[in-house]
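Dear colleague,

I am handing over the structure we spoke about, and I would be glad if you could look through it with the notes below at hand.

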Amino acid sequence: MRRMRSDVITVQTGSRPTVRDITAEAQAFVSSEGDGLLHVFVPHATAGLAIIETGSGSDDDLLTAIDALLPTDDRWRHRHGSPGHGRDHVLPAFVPPYATLPVLGGRLALGTWQSLCLVDTNGDNPTRQVRFSFLPA
């Protein structure tokens, strides 16, 4: 019986809100596997994962929507860090820090225009960890 395999990658997100496509890294992690599930987890209180189309403006649209829903103003009770940083701590309630993807024959079973993306609005923390865990069928 095969067991779950897990590894952590480091992703540089920079000092501005960003949507970073990590599909290639996820695919590389499962490429030697067969069928199963890939669970992806971001162990940070101010980042999340989204499955969206990238490269056509949707990634910027997501950041615009986050800004509209969670503005960087002084309404937040959580006040350490950059101005408006409290919104970064609310982000994972809307963009969860986890995703589970089917893997078929060592390939991510994403739709044609879907990408796995790390969403990071916290410019105070430019380095993120992402854990990939593969559970074989």
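Predicted model: local features only at pLDDT ≥ 70, side-chain atom pairs only at ≥ 80, totals over all residues.

Three strands form an open sheet in the order β2-β7-β4, and their pairing is antiparallel. Its edge strands are β2, which covers residues 18-21, and β4, each of which pairs on one side only. From one strand to the next, the twist averages 30 degrees. The antiparallel strands β2 and β7 are joined by four bridges, while six bridges join β4 to β7, again with the strands running antiparallel. To place two of the partners, T18 has D120 as its bridge partner in β7, and A50 has C117.

How many of the residues of β7 are buried? Six of the six are, so the strand is largely enclosed by the rest of the structure. The side chains are divided between two directions, with S115, C117 and V119 pointing one way from β7 and L116, L118 and D120 pointing the other way, and all of these residues are buried.

As a general background to both, nonpolar side chains tend to be buried together in soluble globular proteins.

Not counting residues up to four places away in sequence, L116 touches R20, D21, I22, T23 and A26, together with V40, L49, A50, I51, A99 and L101.

**The helices**

In α1, the buried residues include T23, A26, Q27, F29 and V30. Around the axis they cover an arc of only 160 degrees, which puts them on the same side of α1. The face of α1 turned away from that buried side carries A24 and A28, which are exposed.

Helix α2 spans residues 58-69, and its 12 residues reach 16 Å from the first C-alpha to the last, close to the 16 Å expected at 1.5 Å a residue. Which residues of α2 are buried? They are D59, L62, L63 and I66, and because these residues fall within an arc of 95 degrees when seen down the axis of α2, they line one face of the helix. Turned away from this buried side is a face that carries the exposed residues D60, D61, T64 and A68. The cover over the buried residues of α2 includes β2, β4, α3 (86-90) and β7, so that the strands of the sheet described above are among the elements found there.

T18 lies in strand β2. With a relative accessibility of 19%, T18 counts as buried, because the cut-off for that label is under 20%. Leaving out residues up to four places away in sequence, T18 touches T13, L63, L118, V119 and D120, and D120 is also its bridge partner in β7.

I52 is placed in strand β4 and is buried, its relative accessible area being 18%. Beyond residues up to four places away in sequence, I52 touches V19, S58, D59, L62, W113, Q114, S115 and C117. Between I52 and D21 there are 31 residues of separation in sequence, and their C-alpha atoms are 9.3 Å apart in space.

G36 belongs to strand β3 and is buried as well, with a relative accessible area of 11%. Setting aside neighbours within four places in sequence, G36 is in contact with L101, P102, V103, F134, L135, P136 and A137. G36 and P96, by contrast, are 21 Å apart from C-alpha to C-alpha, at a separation of 60 residues in sequence.

With best regards

Note on methods:
Residues numbered from 1 in each chain as written. Heavy atoms only, no water. Contact = heavy atoms within 4.5 Å. Pairing = 2+ DSSP bridges. Axes fitted to C-alpha atoms, helices over the stretch in contact; angles between N-to-C directions. Buried < 20%, exposed > 50% of the residue type's maximum accessible area, 1.4 Å probe, protein only. Arc of directions from axis to C-beta. Expected span 1.5 Å × (residues − 1).
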